[in-house]
Amino acid sequence: MRSVKSDPKPTVAAIPPFRTTLAELDSELGLLSVSGELDLYVAQELRESLATAQGLPRLVVDLSGASFLDSTICGVLVGEAKRRSGTGELVLVKNGSVATRVLDVAGLDRFIRIFPTLQKALDELLVEAS
């Protein structure tokens with residue numbers, strides 16, 4: 001008689017919830033931290049979060065916490081960058097996240113400045129401001 005090992009039950013990975021947090025770093029600079037799965041289903045919520053930062057001319061969007069990012073979100077980000085052009089700037093932080101690789105594939109760096117870390121983004125933006 002052979003003993004048969006049963007396969008462990010497959011586990012379903014929990015999808016991190018979409019979340020944004022806006023911090024006003026000074027009167028001219030804001031930080032919007034975004035996490036979770038960024039796709040068509042949360043595009044409107046992301047637009048609304050970006051709109052809450054409307055009074056801040058320069059906005060850093062930190063995508064380090066994104067677990068997934070699709071082309072719909074790329075479109076939202078390009079639209080916001082265009083809306084801010086002339087009066088301010090939108091910059092992105094990708095922090096080596098696998099999910100943010102789509103930014104490179106889509107060529108967003110032609111429209112939006114993209115930084116590898118939040119520290120590099122803030123250092124450069126604060127130097128430019130002074």
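Q: How many helices and strands does the protein chain have?

A: Helices (H or I, at least four residues) and strands (E, at least two) are DSSP runs, numbered from the N terminus. In this predicted model, the protein chain has four helices and five strands. Their order along the sequence is β-β-α-β-α-β-α-β-α.

Q: Which conventions apply to the model?

A: Residues are numbered from 1 along each chain as its sequence is written, and side-chain values use heavy atoms, with hydrogens and water left out. As the model is predicted, local features need pLDDT of at least 70 and side-chain atom pairs count only at pLDDT 80 or more, while totals for chains, interfaces and linings use all residues.

Q: What share of the residues of the protein chain counts as buried?

A: Buried means under 20% relative accessible area, exposed over 50%, and partly exposed in between (1.4 Å probe, protein chains only). Of the 130 residues of the protein chain, 38% are buried. The chain exposes about 8,000 Å², an area to which carbon and sulfur atoms contribute 55%. Such areas come from the Shrake-Rupley method with a 1.4 Å probe; for residues, only the protein chains shown count as cover.

Q: At what angle do the axes of helix 1 and helix 2 cross?

A: Axes are lines fitted to C-alpha atoms, for helices over the stretch in contact, and angles run from 0 to 180 degrees between N-to-C directions. The axes of helix 1 (residues 43-52) and helix 2 (residues 71-84) cross at roughly 25° and come within 10 Å. Helix 1 is therefore roughly parallel to helix 2, given that angles under 35 degrees count as roughly parallel, over 145 as roughly antiparallel, 65 to 115 as roughly perpendicular and the rest as oblique.

Q: Which residues make the contact of helix 1 with helix 2?

A: Contact means heavy atoms within 4.5 Å. Helix 1 contributes Ala43, Leu46, Arg47 and Leu50, and helix 2 contributes Thr72, Ile73, Val76, Glu80 and Arg84. By class, these are five nonpolar, one polar and three charged residues; Ala, Val, Leu, Ile, Met, Phe, Trp, Tyr, Cys and Pro count as nonpolar, Asp, Glu, Lys and Arg as charged, and the others, Gly among them, as polar.

Q: Is Arg84 buried or exposed?

A: Arg84, which belongs to helix 2, is buried, with a relative accessible area of 2%. Leaving aside residues up to four places away in sequence, Arg84 touches several residues, including Leu50, Pro57, Glu89 and Leu90. By comparison, Gln44 of helix 1 is partly exposed at 44%.

Q: Where is Asn95 found?

A: Asn95 is in the loop between strand 4 (89-93) and helix 3 (101-106). Its phi is positive, about 55°, although Asn95 is not a glycine. At 42% relative accessibility, Asn95 is partly exposed.
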